[in-house]
Structures are given as structure tokens and as C-alpha cells.
Amino acid sequence: MAVSTVSRPTAPVGTPPRHVDPTRRQQAVAAWVLALPFLVLFLVFTAGPVLASLGMSFTDIRSTDMRTPFAVGFVGVENYARLLADPLFQKVMLNTFLYLVLGVPLTMALALAAAVGLNRITFLRGLFRVGYYLPVVTSIVAVSVVWKFLLRDEGGLLNAVLALVGINGPAWLDSTTLALPSLVVMSSWRNLGSLMIIFLAGLQTIPTEVNEATEVDGASAWQRFRHVTLPMLRPTLLFGAVITSIGYLQFFEEAFVMTKGGPLDSTRSVTFFTYDQFGFGNYGLAAAASYLLFLAVVVFTFVQFRFLGERKER
Amino acid sequence: MARAGTRPRNRMVYVALTLGLVVMILPFVWMVLSSVKPDAEVTAVPPTWWPQEITLDNYRVLFTKLDFPRYFMNSVLVAAAVTAGNVVFGSMLGYALAKLEFPGKRVLFGLVLTTLMIPGVVTFVPLFVLTTNIGLTDTLPGMFLPFLAGPFGVFLMRQFISGLPDELIQAARVDGAGELRIFRSVVLPMCGPAVATLGILTFLTSWNNFLWPLVVAQDEEKYTLPVALALYSVGQNATKYGLLLAGAVVVVIPVIAIFLVLQRHIMQGIAMTGIK
């Protein structure tokens with residue numbers, strides 16, 4: 001989504017004239033005046049903290065050093081070494097990886113199915129689109145409260161529905177094996193709407209003639225989907241995968257509300273771990289953990305820019 | 001063409017989409033229905049679908065015994081400030097990036113794009129140290145200042161303003177209008193649709209924001225709605241399902257209402273930021 005139009009040059013970028021043109025200087029002054037408030041806020045509240053966080057990750061800063069943040073000890077990569085050797089951190093890294101590899105395919109598959117369906121219909125399309133998008137605008141905390149209630153062992157809506165068909169539903173959120181997948185399902189339910197809009201827009205760029213031509217050739221619906229639609233949608237799918245991955249890497253609120261990270265840390269994520277360490281006052285360790293997560297996000301961002309660069313060449 | 005074969009296939013599509021729609025909407029319906037059930041019925045096994053008896057007790061507790069009116073106001077004030085800031089600062093820098101030529105432009109735009117990818121978890125610890133040292137912890141400015149100028153607003157406004165005709169700006173320049181005056185009197189009045197979209201999206205994002213308000217609001221009086229709801233749901237009220245669901249209704253229903261009324265702007269905004 002974002003960024004794809006960036007590649008499209010909007011104003012003709014002429015070669016800058018060598019002499020100093022008064023209107024150009026006026027423009028430059030005006031531009032920096034307009035940029036100033038954003039820049040100041042950006043430096044103080046984003047760029048500064050991003051660098052400070054990196055700096056803190058190499059120190060032993062704790063909550064007791066709050067008033068003297070510059071008088072702390074430099075410990076090199078000790079925080080990182082401690083994290084990587086910590087069984088709990090290994091566990092939250094694994095959990096975060098599981099959120100990613102379970103959540104991204106599931107969310108994408110559901111969003112793609114919805115988009116393909118919506119692309120086939122015209123009557124009531126707006127209603128379906130709004131309905132599927134609805135959870136995206138709601139607070140994760142609020143829907144987590146609702147789903148915690150819905151997934152209850154006894155008296156939960158899901159197990160009540162399962163009981164109708166004779167299935168004795170488990171205690172979804174109390175099980176070390178089922179809790180994480182349950183959170184993934186609930187997240188996919190909440191997030192599929194935005195991907196669906198992106199995929200639907202991608203599907204609508206595929207000319208109907210292409211489908212009609214293959215239909216005349218006798219290709220089945222599945223063959224057409226597999227060999228025409230999917231390849232043509234590839235850039236959109238790739239983009240969707242990257243932004244969804246970045247989202248799942250930061251998984252936190254669902255686990256905070258629905259399972260408190262349990263049972264037995266089976267749903268605790270890297271962000272949750274970072275928040276916990278902050279709560280314990282271990283600021284240096286928390287900063288190091290957040291930077292390892294940042295590293296993962298940067299890798300996926302890199303993939304995205306590679307992909308956007310690819311599009312630019314066309 | 002294959003008209004005859006299309007109809008039953010479409011019927012299957014409608015059946016599947018309708019089933020999906022039920023799954024998407026049902027949790028919200030159940031949330032509302034359960035929030036007006038008396039305590040004993042909320043926890044009944046098996047659960048009831050329609051309330052046997054309707055009561056507003058849960059809402060009465062939220063708004064009289066608990067401090068939900070205050071949390072609601074905190075959420076509104078923070079979201080309003082964040083929205084105003086993003087619209088103002090976003091359109092300022094967005095205009096500069098879209099229509100002005102100046103040294104450093106590419107770097108600045110690269111910076112904005114990079115910032116889009118920075119996860120909140122990376123900055124919250126140093127931000128907390130900063131807000132504590134300048135005395136902003138437990139204050140509303142402490143909650144909204146870090147979000148006052150986001151990259152998304154700049155990006156969206158730049159995309160929109162890029163599409164405005166250059167001729168109008170050139171004409172104003174020929175008439176001798178200064179650059180800032182052109183921004184205020186020529187460009188801004190044409191930005192209505194983009195401002196509406198950005199305003200709505202920013203308001204929703206701020207309303208639902210969780211990690212930073214959770215960190216910076218140590219004092220109960222400064223909680224926003226999601227913070228209050230999350231802490232109640234893991235604290236001593238964890239089993240008061242009726243109360244928690246009523247709280248979820250208070251958090252969710254205003255944004256659903258805003259979304260349903262203004263959904264055209266939101267869908268447009270997603271298109272404007274570059275899908276298509």
C-alpha cells in the first residue's frame with residue numbers, strides 16, 4: 001500500500017540552475033519553515049529516542065538511574081549476550097516467530113479469499129467490504145476482551161457452538177499448545193480487512209479480458225486462479241506479506257489481555273518481554289531486546305524496499 | 001458468454017461471503033448483547049444468546065462507580081490533539097515535499113518513509129526517561145506530544161497535494177503571493193478530502209493506541225480507555241465479564257459509528273496512500 005506512488009515523479013525535477021535564483025531561494029526558505037515543526041518533534045520524540053535506545057542497550061541503565069541517564073556504566077554487548085543466553089528470551093523469540101509464520105499465511109489466505117469473492121460480485125459488495133473491514137478500526141484491547149470471553153472453556157460462545165455438533169471444545173486459552181494459535185486466529189480475524197482492501201485493489205487491475213480469454217481456452221476456475229490471478233497479483237501479495245509480517249513481529253496487546261503471556265509463557269512475545277523488563281526497571285536490557293526486534297523489522301523493510309525498487313523499473 | 005454457468009457459481013460466492021460476514025460481525029453482536037445481561041446470566045453455562053433480562057447495571061457501574069467518564073475524556077482529548085497536530089504539521093511538510101524545490105528534499109522524504117517502519121517498542125524506554133525528566137509523565141501532553149507529527153500524515157498529504165494542478169500555484173506566484181501565503185490561501189483550501197481522511201485515520205489510531213499510554217499513564221486518573229480496560233481485564237475485575245464487555249462496548253461503539261458514517265473517506269485514504 002503505502003509508498004507505491006513514491007516512485008512516480010510528481011513534479012518535473014529539472015537540473016538545478018547554477019546561479020542563485022531568488023524564487024528558488026524563497027522556495028527553499030519557505031520549505032524549511034514548513035518542515036521545521038515536524039523536524040523538531042521528529043528529532044525530540046523519534047530520532048532522539050531511536051538513537052538513545054541503541055545507546056542504552058550498551059549500558060547497565062536501570063530505573064534508579066532515571067534522573068542521571070548519562071552517568072551509567074558502559075557494558076558493551078553484555079545485554080545482548082545475556083538476552084541470547086536467556087531461555088525465556090529464546091522462548092519469546094520462538095513465540096514471535098510462531099506468530100509470524102502462523103499469522104501471516106492465515107491472514108493472507110483469509111484476506112485473499114474474501115477479496116476474490118468480493119471481486120466476483122457487484123450487488124452488496126459495499127456492505128461486505130465494510131463488514132469485513134470493521135474489526136480493523138476497533139481497539140485490539142477491546143476485541144481481545146470480547147474474544148477472551150468468547151473462547152472461555154465453559155459458557156464461551158465457540159464451545160457452545162461446537163457442542164451443538166457434538167464436539168467437546170477445549171479450554172483454548174489455558175492450554176500451552178492451543179493458546180498461541182487461538183491468539184493467531186483472533187488476530188487474523190481482526191487484521192484481514194486491511195489486506196483484503198489491498199488485494200481487492202490488486203485484483204481489479206487484472207483486465208477481465210485475461211480471465212475471459214483463459215475461460216474460452218477451457219481453463220477451470222482453479223487453474224485460472226493458480227496460473228493467471230496469483231502470478232499477476234504477486235507484487236501485491238508480496239507487499240501484503242511484508243506489512244503483515246512487520247505487524248505480527250510486534251505482537252503484544254492480544255497476549256497482554258487474553259493470556260497475560262501465559263500459560264507458562266507460551267504466548268509471551270518479544271514486545272511483551274521488553275515491556276516486562278521495563279517494568280522490572282531493567283532499561284538497558286529492555287532497550288537491547290527492542291533493538292533485536294527492530295533488526296528483524298529492518299530486514300522485512302529491506303525486503304519491501306527491494307520489492308518497491310523492482311516495481312520502479314517497470 | 002458463460003452466463004448460464006455464472007449464476008449458480010455466484011450464489012455459492014454469496015453464501016460463502018455471508019458466512020464470513022457472520023463470523024466477522026458476530027463477536028460484536030454478542031459483546032453488546034452480553035453487556036446488558038445480569039451477572040448470573042453472563043456466566044451461565046450453556047450461554048444464552050438473547051438476554052433473558054435486560055439491565056444497564058454494568059454501564060451504571062462503569063460510569064458512576066468507576067472512572068470511565070474521565071478515561072473517555074482523556075481518550076478524546078489525546079486523540080483530538082494528535083489529530084490536529086498531524087493534520088497541521090503533515091500538510092505543512094507534505095506541501096513542501098510535493099510542490100517546493102529545496103536542498104535536502106530527498107533526504108527529508110527518505111527520513112519520513114524510514115520513520116514509517118520504526119516500531120513503537122524501540123522508542124518507549126528512552127521516551128519514558130525523557131518525559132520523566134521534563135515532568136510530563138502522567139500528563140496529557142506527555143501522552144500526545146510524541147505522536148503529534150507522524151510520518152503517515154506527511155506521506156498522505158504529500159500524495160494528495162502532488163495531484164493538485166501546478167498551474168494554480170504558478171498563477172499565485174505570478175500574482176506575487178509569498179510561498180507561505182500560497183500554502184495557506186491556495187493549497188490548504190483544496191485539501192479538504194485529504195484532511196478529512198487523515199483526520200479520521202489519525203483519530204482512530206490514537207483512540208486505539210495502547211503501549212505508550214500504558215507506559216506513561218502511571219496514575220489512574222490519566223488512563224485512556226484501552227489502558228483502563230486492559231488493566232481491569234487482567235486485574236481484580238478479570239472475572240466480571242459483564243462489566244468488561246460493557247467497557248469494550250464503550251471503547252468500540254464510538255469508532256464503529258464513526259467508521260460507518262465516514263467509511264467512504266477511510267477507503268479513499270487507503271487508496272490515496274498508494275495501493276491501487
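This briefing covers chain B of a predicted model and its contact with chain A. Residues are numbered from 1 along each chain as its sequence is written, and chains are lettered from A in the order in which they are written. Because the model is predicted, local features need pLDDT of at least 70 and side-chain atom pairs count only at pLDDT 80 or more, while totals for chains, interfaces and linings use all residues.

**Confidence**
- The model scores ipTM 0.89 and pTM 0.88.
- The average pLDDT (the predictor's confidence in each residue, from 0 to 100) of chain B is 88, and 93% of the residues score at least 70.
- Residues 1-5 of chain B stay under 50 in pLDDT, and the model has two contacts for them beyond four places in sequence; a contact means C-beta atoms, placed from the backbone, within 7 Å.
- Where pLDDT is low, the predicted coordinates should not be read in detail.

**Fold of chain B**
- Chain B has 14 helices and zero strands, taken as DSSP runs (H or I, at least four residues, for helices; E, at least two, for strands).
- The C-alpha trace of chain B spans about 75 × 70 × 30 Å along its principal axes.
- Of the 276 residues in chain B, 45% are buried, with 20 or more other C-beta atoms within 10 Å of their own C-beta, placed from the backbone.

**Contact with chain A**
- Chain B gives 85 residues to the contact and chain A gives 81 residues.
- Helix α14 (residues 241-272) of chain B supplies the largest share of the chain B side, 13 residues.

Notes:
A residue is buried if 20 or more other C-beta atoms lie within 10 Å of its own, exposed if 12 or fewer, and partly exposed in between; C-beta atoms are placed from the backbone.
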